[in-house]
Amino acid sequence: MTTPTTRRSLREAAPFPAPADAHQTVEHGRTRLRPGRLIGDALLWIAAAAGTVCILLVVLAFTAQITLIMFRTGSMSPTIPAGSVAVVQRIPAAEIGVGDVVTVDRPGELPVTHRITTITPGPSAQERVITMRGDANAADDPFPYTVSSVRKVLFSVPGIALVVAGMGDPIVLGALTVAATSLVVWAFWPRGQRRSAHDLHGSGP
């Protein structure tokens, strides 16, 4: 005796189809990894890192008196060639030593950054009289310097002085501001409406 065939038995015997939206979900996930999106995310990370560095420099300038100086001449070559940027920290004159590369501020003149060759006591307990010489120079500077504090070079990076100087140009700052604003707007702009139920789940009978 055979069992009569019914719609229910046919549905139970047929293999269970994969949900129509499973393939669509995978494809939808793949479309998110477009090259433009990846480039935009990378630019956002770079902008965030640059902003973090700027904030860190401001904090260090106020808390540790760490700033940047640019080398326009080659008097400290080859140790610090022209076009370098150095990170310096202001310290009391009592903490300096022979061989240190320091920046001395001169009233009415540009600061000078050379290597200390001699140190003698100054007029007061907080002052020192130092002589300095550029690594590329054959003789000491013409006059000694009486200092109560100096800016000691911690380290330098060659070849970036023009970039740092350009950052202070109003036109460059304006262009960077516009670019950063456009990038943020692009990153958070709505990505379009959600797909319709027909696209995601397919049409039914």
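## Confidence

pLDDT is the predictor's confidence in each residue, from 0 to 100. It matters here since this is a predicted model. The protein has a mean pLDDT of 76. A value of 70 or more is reached by 56% of its residues.

Which elements mark the two ends of the confidence range? Helix α6, residues 197-201, is lowest, with a mean of 48. Strand β5, residues 128-133, is highest, at 98.

## A cis peptide bond

Look at the loop between β1 (66-70) and β2 (85-92). P78 lies there. The peptide bond that joins S77 and P78 is cis. Its omega is about 0°. Most peptide bonds are trans.

Now find strand β4, residues 112-121. T113 sits in this strand. Is T113 buried or exposed? T113 counts as buried because its relative accessibility is 12%, and the cut-off for buried is under 20%.

What does T113 touch, leaving out residues up to four places away in sequence? The list is I69, F71, M76, V101, V102, T103 and V153. With T103 there is also a polar contact. That contact runs from side chain to side chain, at 2.6 Å.

How values were computed: Residues numbered from 1 in each chain as written. Predicted model: local features only at pLDDT ≥ 70, side-chain atom pairs only at ≥ 80, totals over all residues. Heavy atoms only, no water. Helix = DSSP H or I, 4+ residues; strand = E, 2+ residues; numbered from the N terminus. Buried < 20%, exposed > 50% of the residue type's maximum accessible area, 1.4 Å probe, protein only. Polar contact = N/O pair within 3.5 Å; in protein donor to acceptor, adjacent residues only side chain to side chain. Contact = heavy atoms within 4.5 Å.
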